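Here are some friendly notes to read with the model open beside you. Take the points one at a time and look for each residue as it comes up.

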Amino acid sequence: LNPRDSYTLHARGGLLIYRGQLDRAVADLDASLAVRHDNPSAYYDRAWAHALAGRRDLAEKDFFKSGEDAPPL
């Protein structure tokens, strides 16, 4: 895994959400956004990871950054 490849980090973050490994998913999505901070899809995926982990405030911030409407949490 190339730590400077935002696409790979983002993809793995999505897979980790699917597997329920939410903290690891957030870490990968954080790393992806550190490399490519203008990726609304990564913010959206990180919002879902936060929402599923019960971190509503962080989820709402990331849904806003993604440009998508937040689902009712």
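The points below go from the whole chain to single residues and pairs.

1. **Before you start.** This is a predicted model, in which local features need pLDDT of at least 70 and side-chain atom pairs count only at pLDDT 80 or more, while totals for chains, interfaces and linings use all residues. Residues are numbered from 1 along each chain as its sequence is written, and side-chain values use heavy atoms, with hydrogens and water left out.

2. **The overall fold.** The protein chain has 4 helices and 0 strands, giving the pattern α-α-α-α along the sequence. Helices (H or I, at least four residues) and strands (E, at least two) are DSSP runs, numbered from the N terminus. The radius of gyration of the protein chain is 11 Å, close to the 11 Å that the globule rule gives for 73 residues, so the chain is as compact as a globular protein of that length. That radius is taken over C-alpha atoms, and the rule is 2.2 Å times the number of residues to the power 0.38. Along the principal axes, the C-alpha atoms fill a box of roughly 35 × 25 × 15 Å.

3. How much of the protein chain is buried? Buried residues make up 34% of the 73 residues. Here buried means under 20% relative accessible area, exposed means over 50%, and partly exposed is in between (1.4 Å probe, protein chains only). The chain exposes about 4600 Å², with carbon and sulfur atoms supplying 53% of that area. Accessible areas come from the Shrake-Rupley method with a 1.4 Å probe; for residues, only the protein chains shown count as cover.

4. **Contacts along the chain.** A contact means heavy atoms within 4.5 Å. Among contacts between residues at least 6 apart in sequence, 28% join residues at least 24 apart.

5. **A serine to find.** Is Ser32 buried or exposed? Ser32 is buried, with a relative accessible area of 0%. Look for Ser32 in helix 2 (residues 22-35). Not counting residues up to four places away in sequence, Ser32 touches Ser6, Leu9 and His10.

6. **Charges.** The protein chain carries 10 positive and 11 negative charges, and their mean positions are 5 Å apart. Lys and Arg count as positive and Asp and Glu as negative, with His and the chain ends not counted. Each charge is placed at NZ of Lys, CZ of Arg, CG of Asp or CD of Glu. Side chains of opposite charge can pair when their charged atoms come close.

7. A search of the whole structure finds 5 salt bridges. A salt bridge is a side-chain nitrogen of Lys or Arg within 4 Å of a carboxyl oxygen of Asp or Glu. One of them pairs Asp28 with Arg12, the closest N and O atoms being 2.5 Å apart. Asp28 lies in helix 2 and Arg12 in helix 1 (residues 6-18), so the pair ties together parts that are 16 residues apart in sequence. Asp28 counts as buried at 8% relative accessibility, whereas Arg12 counts as partly exposed at 33%.

8. **A bridge to a loop.** Asp23 forms a salt bridge with Arg55, with the closest N and O atoms 3.2 Å apart. This pair links distant parts of the chain: Asp23 is in helix 2 and Arg55 in the loop between helix 3 (40-52) and helix 4 (56-66), 32 residues apart. Asp23 counts as exposed at 56% relative accessibility, while Arg55 is partly exposed at 26%. Ala53 lies in the loop between helix 3 and helix 4 too. Ala53 and Asp23 are 30 residues apart in sequence and 8.1 Å apart in space, C-alpha to C-alpha.

9. Arg56 forms a salt bridge with Glu60, and their closest N and O atoms are 2.8 Å apart. Both residues lie in helix 4, 4 residues apart, about one turn of the helix. Arg56 is partly exposed, with a relative accessible area of 42%, and Glu60 is partly exposed at 35%. Elsewhere, salt bridges that share partners join Asp30, Arg46 and Asp62 into one network.

10. **The end segments.** Asp5 is in the segment before helix 1. Asp5 and Arg36 are 31 residues apart in sequence and 8.9 Å apart in space, C-alpha to C-alpha. Ala70 lies in the segment after helix 4. Ala70 and Glu60 are 10 residues apart in sequence and 6.6 Å apart in space, C-alpha to C-alpha.
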